[in-house]
Amino acid sequence: MLIWDVLRRRNVVLTPEEWVRQHVVHYLINHRGYPKGLLSLERGHRYNQRQKRTDLIALDAAGRPLLLVECKRPTVPITAAVAMQAATYNQTIGAPLLLLTNGLQHFCWRVHFEARSNEQLAEVPWYSGSIE
């Protein structure tokens, strides 16, 4: 089965993880004000000399990473190991917001890089165009 991807502007295979990713994309655009043009799917980055892919990154108005999203299929629980994976990716990406979801559970944090701490948020912040 295929589903239309509004960001890639083509049909993609509807896997369980893709189902979660597409719901997050539509939620960010339609319910949190994130501009479609500032969302990037499966962007490549390097970590420890290995090529990795992020599920979704929202950029700020200046093109800097604002929100890193890690999507899992609904049968994969959001555990400390999943949070560590996203935090590890974010060491090279530097997004001040992290969202982990399996479509059923959602966890969002604000990352305070200078203080080396995280603050769990009740919901994904509205898009404001900047990191501040």
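Ile 29 is in contact (heavy atoms within 4.5 Å) with Val 6, Leu 7, Tyr 34, Lys 36 and Leu 39, leaving aside its neighbours within four places in sequence. This is a predicted model, in which local features need pLDDT of at least 70 and side-chain atom pairs count only at pLDDT 80 or more, while totals for chains, interfaces and linings use all residues. Residues are numbered from 1 along each chain as its sequence is written, and side-chain values use heavy atoms, with hydrogens and water left out.

- Ile 29 sits in helix α1 (residues 16–32); helices (H or I, at least four residues) and strands (E, at least two) are DSSP runs, numbered from the N terminus.
- With a relative accessible area of 22%, Ile 29 is partly exposed; buried means under 20%, exposed over 50%, and partly exposed in between (1.4 Å probe, protein chains only).
- Ile 29 and Tyr 127 are 98 residues apart along the chain, and their C-alpha atoms are separated by 9.2 Å.

**The sheet and its helices**

- An open sheet of six strands runs in the order β3-β6-β7-β8-β9-β10, with mixed pairing; two strands pair if DSSP finds at least two bridges between them.
- β3 (39–41) and β10 each have a single partner strand and stand at the edges, so one side of each is left without a neighbour in the sheet.
- On average, neighbouring strands of this sheet are turned by 20° against each other, direction ignored.
- Strand β8 (residues 97–101) pairs with strand β9 (residues 106–112) in the antiparallel sense over five bridges, and Thr 101 stands opposite His 106 in β9.
- Helix α1 packs on the sheet, where it touches β3, β6, β7 and β8, and its direction makes about 150° with that of β7; axes are lines fitted to C-alpha atoms, for helices over the stretch in contact, and angles run from 0 to 180 degrees between N-to-C directions.
- Helix α2 (residues 80–93) also packs on the sheet, touching β6, β7, β8 and β9, with its direction at about 150° to that of β7.

**Salt bridges**

- The whole structure contains eight salt bridges, each a side-chain nitrogen of Lys or Arg within 4 Å of a carboxyl oxygen of Asp or Glu.
- Arg 21 and Asp 55 form one of 2.9 Å, N to O, between their side chains.
- Arg 21 lies in helix α1 and Asp 55 in the loop between β5 (50–53) and β6, so the pair ties together parts that are 34 residues apart in sequence; Arg 21 and Asp 55 are both buried.
- The side chains of Glu 123 and Arg 32 meet at 3.0 Å, N to O, and this pair links Glu 123, in the segment after β10 (117–121), with Arg 32 in helix α1, 91 residues apart.
- Glu 123 is partly exposed at 48% relative accessible area, whereas Arg 32 is buried at 7%.
- Within it, the side chains of Arg 8 and Asp 5 meet at 2.5 Å, N to O; Arg 8 is partly exposed at 24% and Asp 5 is buried at 0%.

**Aromatic pairs**

- There are two aromatic pairs in the structure; rings of Phe, Tyr and Trp (its six-membered ring) pair if their centres lie within 6.5 Å, and planes under 30 degrees apart count as stacked, over 60 as edge-to-face and the rest as tilted.
- The ring centres of Phe 107 and Trp 109 are 6.1 Å apart and the planes are at 25°, so this pair is stacked.
- Phe 107 is partly exposed at 24% relative accessible area, and Trp 109 is buried at 17%.
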